Amino acid sequence: MRLATLRSGESTFAARIESEHTAVVIDGYSNVGDLLQDPAWATIAAAASGELIRFVPTDLAAVVPAPRKVICVGLNYATHILEMGHALPDYPTIFIKFADALTGPFDDVVVPPYAAGALDWEGELAVIIGKRARRVSASDASEYIAGYAIMNDYTARDLQYRTLQFHQGKSLEGSAGFGPWLTTSDSFDLGQPITTWLDGEEVQSASTGDLVFKPADLIEYISRLYPLDPGDVIVTGTPSGVGHARSPRRYIRDGEVVTVAIEGLGRISNKTVVE
């Protein structure tokens with residue numbers, strides 16, 4: 001099952017995706033994050049009925065527009081860890097992205113000039129929590145996953161490396177395409193290809209099965225620090241191939257489009273617009 005947040009004028013609503021351009025409205029819920037607050041969300045979504053509505057890609061909003069927490073994981077694919085000059089970690093590197101950074105899966109990413117000098121691409125698998133998780137073991141973690149989506153995690157490398165903390169280069173307003181929809185966990189398995197293109201050129205290619213810390217490991221680790229709530233998002237890290245690690249370095253330019261696809265989850269695509 002695939003669940004999306006669709007725009008209608010100035011408002012949004014939750015919907016069940018039926019095909020690439022059709023959906024059924026899930027009455028009473030303004031977005032997927034709102035829907036996930038109901039413990040019976042899966043039953044409600046599956047039972048939604050009514051006439052099919054048509055939509056275009058730009059009608060899709062960030063699948064969970066305002067999660068309480070967006071927890072990002074750095075250095076979680078072995079090849080990326082090595083290309084960035086680090087040793088394989090014993091524990092996940094985690095940092096926070098604010099919900100203000102999220103944008104629709106086909107929206108333009110509008111960047112101020114002072115943050116546009118070293119923009120990098122990072123295609124990532126996002127895990128969306130379906131029920132409150134507190135001190136959960138990895139063996140039970142699958143019960144807490146509502147589903148998966150794609151994150152297009154634009155990163156301002158110059159801001160990121162001003163200090164030892166990653167956050168300031170990772171949370172630019174409206175810089176992370178998120179979607180195109182939530183694919184429920186019963187419809188997706190790890191091990192699928194993840195690919196990123198910059199203006200049609202393939203720049204990243206890996207398997208989501210190559211994560212050092214799998215979603216279950218991350219849920220166990222994070223939920224022992226603080227609870228995870230329905231609609232919270234864990235962004236699991238990016239594979240090798242980022243522009244900052246190239247020689248010479250290659251950054252995203254004004255007008256260039258970053259596209260990320262994960263087999264089984266679809267694709268998202270954001271055009272870069274420097275103000």
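How much of the chain over residues 69-271 is helix and how much is strand, and how far apart are the end C-alpha atoms? Over that stretch the chain is 9% helix and 35% strand, with its end C-alpha atoms 26 Å apart. Helices (H or I, at least four residues) and strands (E, at least two) are DSSP runs, numbered from the N terminus. UniProt lists residues 69-271 as "domain: Fumarylacetoacetase-like C-terminal" in an unreviewed entry; such annotations may be inferred rather than shown by experiment, and the positions follow the numbering used here, with feature names shortened.

This is a predicted model, in which local features need pLDDT of at least 70 and side-chain atom pairs count only at pLDDT 80 or more, while totals for chains, interfaces and linings use all residues. Residues are numbered from 1 along each chain as its sequence is written, and side-chain values use heavy atoms, with hydrogens and water left out.

**The whole protein**

The protein contains 5 helices and 18 strands. Its C-alpha trace spans about 55 × 40 × 30 Å along the principal axes.

Of the 275 residues, 54% count as buried. Buried means under 20% relative accessible area, exposed means over 50%, and partly exposed lies in between (1.4 Å probe, protein chains only). Among contacts between residues at least 6 apart in sequence, 75% join residues at least 24 apart; a contact means heavy atoms within 4.5 Å.

**Two residues in one loop**

Lys-170 is placed in the loop between helix 4 (157-160) and strand 13 (176-184). Ser-175 is also placed in the loop between helix 4 and strand 13. Is Lys-170 buried or exposed? Lys-170 is buried, because its relative accessible area is 4%. Not counting residues up to four places away in sequence, Lys-170 touches several residues, among them Phe-95, Glu-122 and Asp-153. Ser-175 is buried as well, with a relative accessible area of 2%. With the same exclusion of residues up to four places away, Ser-175 touches Ala-101, Val-109, Asn-152 and Tyr-154.

Gly-28 sits in the loop between strand 3 (22-25) and helix 1 (32-36), and Gly-28 is exposed, with a relative accessible area of 71%. Ala-206 belongs to strand 15 (residues 201-207). The table gives one pair for each of these residues.

| Pair | Apart in sequence | C-alpha to C-alpha |
|---|---|---|
| Gly-28 and Val-110 | 82 residues | 32 Å |
| Ala-206 and Glu-10 | 196 residues | 38 Å |

**Backbone details**

The peptide bond from Gly-179 to Pro-180 is cis, with omega near -5°, and Pro-180 is in strand 13. The bond from Ser-247 to Pro-248 is cis too, with omega near 0°. Pro-248 is in the loop between strand 16 (233-235) and strand 17 (257-262).

Arg-135 is a residue other than glycine with a positive phi, near 55°. Arg-135 lies in the loop between strand 10 (123-129) and strand 11 (145-153) and is exposed, with a relative accessible area of 57%. Asp-199 is not a glycine either, yet has a positive phi of about 50°. Asp-199 is in the loop between strand 14 (193-198) and strand 15, and is partly exposed at a relative accessible area of 48%.
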